Amino acid sequence: MATFSLTAINVGTFNLGEADKIITLFSREKGMHRAVAKGARKPGAKIAGKAELLNVNHLLLAKGKNLDIITQCESIETYPNLRHDLTRLTYALYYAELTQVFGQGLGEDCARYFERLTLSIGLMAASGRDAALLCLEFEFALLEMLGIRPELDFCVSCRDVLNERNVSAFNHELGGVLCQKCFYKIRAMANSAVSVAPQVHEDPSDNFRSEQRSEAIDSQRTNVYVTPLVWKRMVLARIGADTIDIDVNANVRDHANKSNEANMKMATSAARRLMQNYIEYKSGRRMRALDLLANLA
Ligand SMILES: [Zn+2]
């Protein structure tokens with residue numbers, strides 16, 4: 001039987017038959033991959049612990065007809081600190097959920113993403129930094145690799161440079177932040193479309209204008225107001241996501257932010273909600289891993 005090896009993290013599992021598990025892996029070599037862990041649900045089985053979510057293993061697999069079968073499994077990392085902190089564990093499970101949803105789209109980038117994912121889970125487990133902020137940085141890194149990083153530097157409509165004085169709203173459809181001028185323009189068009197709606201129906205020849213108006217309404221619906229502080233938070237998180245030496249950068253930022261910690265925390269949480277909404281908009285799916293935290297709060 002043909003065999004091959006993978007270094008992979010478990011990002012999803014479900015039960016198969018009486019005692020087996022199917023594991024969704026994200027591997028350094030092939031990206032997303034599914035395999036059977038035979039006997040993983042038998043009490044005391046050697047593979048049981050290694051088949052848990054978020055564990056990183058070096059695997060030997062045998063090619064199967066439908067699914068490959070794990071024949072050997074050597075544990076590389078289990079992130080023991082994570083298992084004692086429900087908040088941090090939940091964020092890491094959200095990373096796994098994101099990987100399940102977007103993992104296929106990473107193609108050639110799978111080795112880079114594998115490194116980033118395991119590094120990010122390691123930081124979540126071991127670094128003292130704010131979990132929501134780490135998560136925001138991870139979201140930016142993922143969106144960057146997928147080629148759908150939100151635009152924060154230039155208005156997504158007129159391309160003017162954005163700054164603290166002119167940011168207004170995040171537009172999901174256009175994939176980034178609008179300046180105030182464009183936001184008001186879109187809002188005015190949408191409002192006028194609503195007020196003249198009956199006439200639009202009475203005059204079907206006016207297709208072009210009606211299309212323009214419905215575009216304005218759709219655009220308006222996907223706008224989320226962004227305060228300058230939330231915008232700044234996103235810009236900093238994106239820089240964090242780009243920086244290899246993340247912890248050094250964090251010290252500089254944390255020092256600068258100390259006086260304003262509570263505000264920054266609120267901004268981080270608003271920026272995170274916004275990014276998760278954008279991710280859900282892009283994937284057409286609701287992410288569920290973090291619901292637990294919302295229920296605890
Ligand atoms: Zn603009």
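Leaving aside neighbours within four places in sequence, Phe14 is in contact with Lys21, Ile22 and Arg34, where contact means heavy atoms within 4.5 Å. You will find Phe14 in strand β1, residues 3-16; strands here are DSSP runs of E with at least two residues, helices are runs of H or I with at least four, and both are numbered from the N terminus. At 37% relative accessibility, Phe14 counts as partly exposed, because that class lies between buried (under 20% relative accessible area) and exposed (over 50%), with a 1.4 Å probe and protein chains only. Val36 is 22 residues from Phe14 in sequence, and their C-alpha atoms are 9.8 Å apart in space.

A word on the model before we go on. This is a predicted model, in which local features need pLDDT of at least 70 and side-chain atom pairs count only at pLDDT 80 or more, while totals for chains, interfaces and linings use all residues. Residues are numbered from 1 along each chain as its sequence is written, and side-chain values use heavy atoms, with hydrogens and water left out.

Stepping back, the protein has 11 helices and 8 strands. Of its 297 residues, 46% count as buried. Among contacts between residues at least 6 apart in sequence, 62% join residues at least 24 apart.

Next comes the largest pocket, which holds about 460 Å³ of space. A pocket here is an open set of points on a 1 Å grid over the protein atoms alone, where a 1.4 Å probe fits and protein lies on both sides within 12 Å along at least five of seven lines; lining residues have an atom within 4 Å of a point. The lining has 17 residues, and Tyr91, Arg272, Leu290, Leu293 and Ala294 lie nearest the centre. Helices α2, α4 (131-145), α10 (261-283) and α11 (291-296) each supply at least two lining residues, with the largest share, 6 residues, coming from α10.

Helix α2 (residues 86-102) also contains Leu86, which is partly exposed at 44% relative accessible area. Together with Leu292 and Leu296, Leu86 forms a nonpolar patch on the surface; patch residues have over 30% relative accessible area and no salt bridge, and nonpolar side chains are joined within 5 Å. A salt bridge is a side-chain nitrogen of Lys or Arg within 4 Å of a carboxyl oxygen of Asp or Glu.

Technical notes. Patches are made of residues with over 30% relative accessible area and no salt bridge: like charges are joined within 9 Å, nonpolar side chains (Val, Leu, Ile, Met, Phe, Trp, Tyr) within 5 Å. Accessible areas come from the Shrake-Rupley method with a 1.4 Å probe; for residues, only the protein chains shown count as cover. Grid points are joined across faces, edges and corners, and a volume is the space filled by probe spheres set on the points.
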